[in-house]
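Here are some notes to read alongside the structure. Please keep the sequence at hand while going through the points.

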Amino acid sequence: MSTMLSISKLNVRYGHIEALRDIDIEADEGEIYSIIGSNGAGKTSLLKAVSGLVKPQSGVIKFNGEVLSSKPYKIVEKGIVHVPEGRKTFSGLTIKDNLLIGGYLSSGKDLNERLEKQYKLFPILKDRSAQHAGTLSGGEQQMLAISRGLMGNPKMILLDEPSLGLAPIIVNQIYDLIKQIRESGITVFLVEQNARKALSICDKACVLENGRIVLRGNGQELLKSEQVKKAYLGG
Ligand SMILES: Nc1ncnc2c1ncn2[C@@H]1O[C@H](COP(=O)(O)OP(=O)(O)O)[C@@H](O)[C@H]1O
Ligand SMILES: [Mg+2]
């Protein structure tokens, strides 16, 4: 497997707050890479650094061997899409318009094909395409947010706490969808507080605490780790 995303010696600060300290991560093409950590650990900052939404203090981020631009739109063009924490769908716009925004780099027939592909994957979004996104339930909005990301035809998708605030049965649906995304050939970079779910699904993972990586391994190893069990799996 070849390395798709390579992050080295990444530091992110907000004024005097050190959000990320010397982060090194390598995620391979075709895998699900999970980063688990509690609130404030630095997970969102890490995704924002990759997608160009925050400017790192120092460090290098490479995608398929090439140093990533610091401009968000160029990063999207390279094939990285970011599905933000808290869905951030446009509640006053229709579901269809939300999806079209995700496909803004495309147009015409290609854009239509992308839309049809998403409607096939998410029939509920097709049935309700003319309704405002704000009428969807939390789980449906998460699906819309992911679907909007897929409209960008990414090579890698960054998912920020897709299970946050959702009932367990809906979380299972979202995780089935994440597996399907990986099976379709898209590399998944997933950050979660929900350690059990994120570790069960992933190939490789690391644990982020106070902006530093304190543990790494494959998902099964970390699920068995005493340190992880105690801090993240309720004993
Ligand atoms: N825009 C910001 N300005 C100042 N501090 C921030 C900002 N965003 C995040 N932080 C701080 O950086 C740290 C990491 O935050 P974040 O990346 O959001 O963590 P997580 O997503 O794991 O909850 C926290 O201490 C948070 O308060
Ligand atoms: Mg966050």
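1. Begin at Gly185, which sits just after helix α7 and takes a positive phi of about 100°. Bear in mind that this is a predicted model.

2. Helix α7 itself covers residues 168–183, 16 residues in total. From its first C-alpha to its last it reaches 23 Å, close to the 22 Å expected at 1.5 Å a residue.

3. Helix α6 covers residues 138–150 and has 13 residues. Its reach from first C-alpha to last is 18 Å, close to the expected 18 Å.

4. Is α6 mostly covered or mostly uncovered? It is mostly covered, with 11 of its 13 residues buried. The buried residues of α6 are Glu140, Gln141, Gln142, Met143, Leu144, Ala145, Ile146, Ser147, Arg148, Gly149 and Leu150.

5. What covers the buried residues of α6? The cover includes the helices α3 (95–102), α4 (108–121), α5 (123–127) and α7. The strands β6 (80–83) and β7 (156–160) are also part of the cover.

6. Now turn to ligand 1. Its surroundings consist of Tyr14, Ile17, Ala19, Gly37, Asn39, Gly40, Ala41, Gly42, Lys43, Thr44 and Ser45. By class, this shell has four nonpolar, six polar and one charged residues.

7. Which element supplies the largest share of the shell around ligand 1? That is α1, with three residues. Both β2 (17–28) and α1 (43–51) supply at least two residues of the shell.

Terms used: Residues numbered from 1 in each chain as written. Chains lettered and ligands numbered in written order. Predicted model: local features only at pLDDT ≥ 70, side-chain atom pairs only at ≥ 80, totals over all residues. Near = placed C-beta within 6 Å. Helix = DSSP H or I, 4+ residues; strand = E, 2+ residues; numbered from the N terminus. Nonpolar A, V, L, I, M, F, W, Y, C, P; charged D, E, K, R; others polar. Expected span 1.5 Å × (residues − 1). Buried ≥ 20, exposed ≤ 12 C-beta atoms within 10 Å, placed from the backbone. Contact = placed C-beta atoms within 7 Å.
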